[in-house]
Amino acid sequence: MTEPLLEAEDLTVQYRTSNGLLTAVSDASFTIEEGQYFGLVGESGCGKSTIIKAILGGLDDNGRITSGKIKYRGEEIQDLSDEERNRELRWKEISWIPQGSMSSLDPLQRIDEQAIEIARTHTDLSKEEIRERIERMFDIVGLQKSRVSDYPHQFSGGMQQRALIALALFLKPAVIVADEPTTALDVIMQDQVFKYLDEIKEDHDTSMVLVTHDISVVFESCDKMAIMHAGQVAEVGSVVELFDNPRHPYSILLQEAFPDVRYPDRDLGIIEGNPPQNMGNVDYCTFVDRCPWAVDECRKNSPPLESTSSSTSTEPHLASCLRKEEELKVDRANERSLRGDVS
Ligand SMILES: Nc1ncnc2c1ncn2[C@@H]1O[C@H](COP(=O)(O)OP(=O)(O)OP(=O)(O)O)[C@@H](O)[C@H]1O
Ligand code: SF4
Ligand SMILES: [Mg+2]
């Protein structure tokens, strides 16, 4: 069997804070295959950006991977130095569009100069080819071509992020990791970017990791997804499986909270309560206080992320819930609160 393209294995990340250690990501595991579009979803603060930063070596100074592995094409990359990571992975292999990416552009260099420097390090493209590519990317993200020679400070915040998206994509990298890119792009531009991705995917089998709190974007555009809650992976599997057959209560409720073409007149519910903070090695389910289907057992055990019966050999479907094999149904008569009964 071929190695997955990108793999997180039991990844735990902690931040040092004035209140002690905060475990932002706990034992997270998932794999992304070549050519796959992978969506990482969950509410604000659940650890999405932390996982991405850990994978890409961009954790804040007070953050640290305390256990687990990250593999790219089978090779462990969690211990690479910044220099090795920049030389071997950044831009051409894994390109990263960070959340709120304004600080990622070099303020002292014009955008086209930055493009030339990146391309010269990683490819043998001519200056004309580089310019042509970056101009085309400017067009795709909705910036005027004539502005490729501007300095970052000449752009607004949103435009800077678009310029960064252009830089992240112009070398046609193997994986694009985009953390909430849609905040910078309106719907038309998102469409153009996705069309461009489809185009480069045809030649390059490009993969994407799309981080968002909007599950409907993932349902529309990804092949596989992980749903995170309180720093843990609640459920992971193909988008079709998680849409049609969600096994973790959080996934069921999250899906209910978004509009569904099948029930256009339905009121949207909300997921009550907040996730617990600062959980390290806990011995209970972190969703227990929000879960309509919680039983006593859920307070005594931390459910591991395990295969569900709908896993196939090619696409595992895993969930971390003690009741993952039961048919848990939302009570539609009482939809606004999304409290449910077991059918
Ligand atoms: N540098 C830091 N120092 C201390 N705590 C941090 C730091 N960065 C993130 N955190 C904490 O780690 C947790 C996860 O944060 P993270 O940014 O990964 O969440 P997120 O899922 O990306 O949220 P959002 O959707 O709002 O971007 C949060 O509790 C956050 O407060
Ligand atoms: S383990 Fe229990 S509390 Fe946790 S999600 Fe499953 S049913 Fe709910
Ligand atoms: Mg984030």
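**Figure 1. Secondary structure and overall dimensions of the protein chain in a predicted model**. The chain has nine helices and 14 strands, taken as DSSP runs numbered from the N terminus (helices H or I, at least four residues; strands E, at least two). Its C-alpha atoms fill a box of roughly 65 × 45 × 45 Å along the principal axes. Of the 343 residues, 52% are buried, meaning under 20% relative accessible area, with exposed over 50% and partly exposed in between (1.4 Å probe, protein chains only).

**Figure 2. The magnesium ion (ligand 3) and its donors**. S49 (OG) and Q99 (OE1) coordinate the ion at 2.0 to 2.2 Å. These residues lie 50 residues apart, S49 in helix α1 (residues 48–56) and Q99 in the loop between β6 (94–97) and α3 (111–122). Donors are N, O and S atoms within 2.8 Å of the metal (3.2 Å for Na, K and Ca); water is not among the atoms, so sites may look incomplete. S49 is buried, at 15% relative accessible area, whereas Q99 is partly exposed, at 44%.

**Figure 3. The residues around ligand 2**. Among the 13 residues around this ligand, C285, C291, C298, C321 and L322 come nearest; a residue is near if one of its heavy atoms lies within 4 Å. The shell holds 11 nonpolar residues, one polar and one charged. Nonpolar covers Ala, Val, Leu, Ile, Met, Phe, Trp, Tyr, Cys and Pro, charged covers Asp, Glu, Lys and Arg, and the others, Gly among them, are polar.

**Notes.** Residues are numbered from 1 along each chain as its sequence is written, with chains lettered from A and ligands numbered from 1 in the order in which they are written. In this predicted model local features need pLDDT of at least 70, side-chain atom pairs count only at pLDDT 80 or more, and totals for chains, interfaces and linings use all residues, while side-chain values use heavy atoms, leaving out hydrogens and water.
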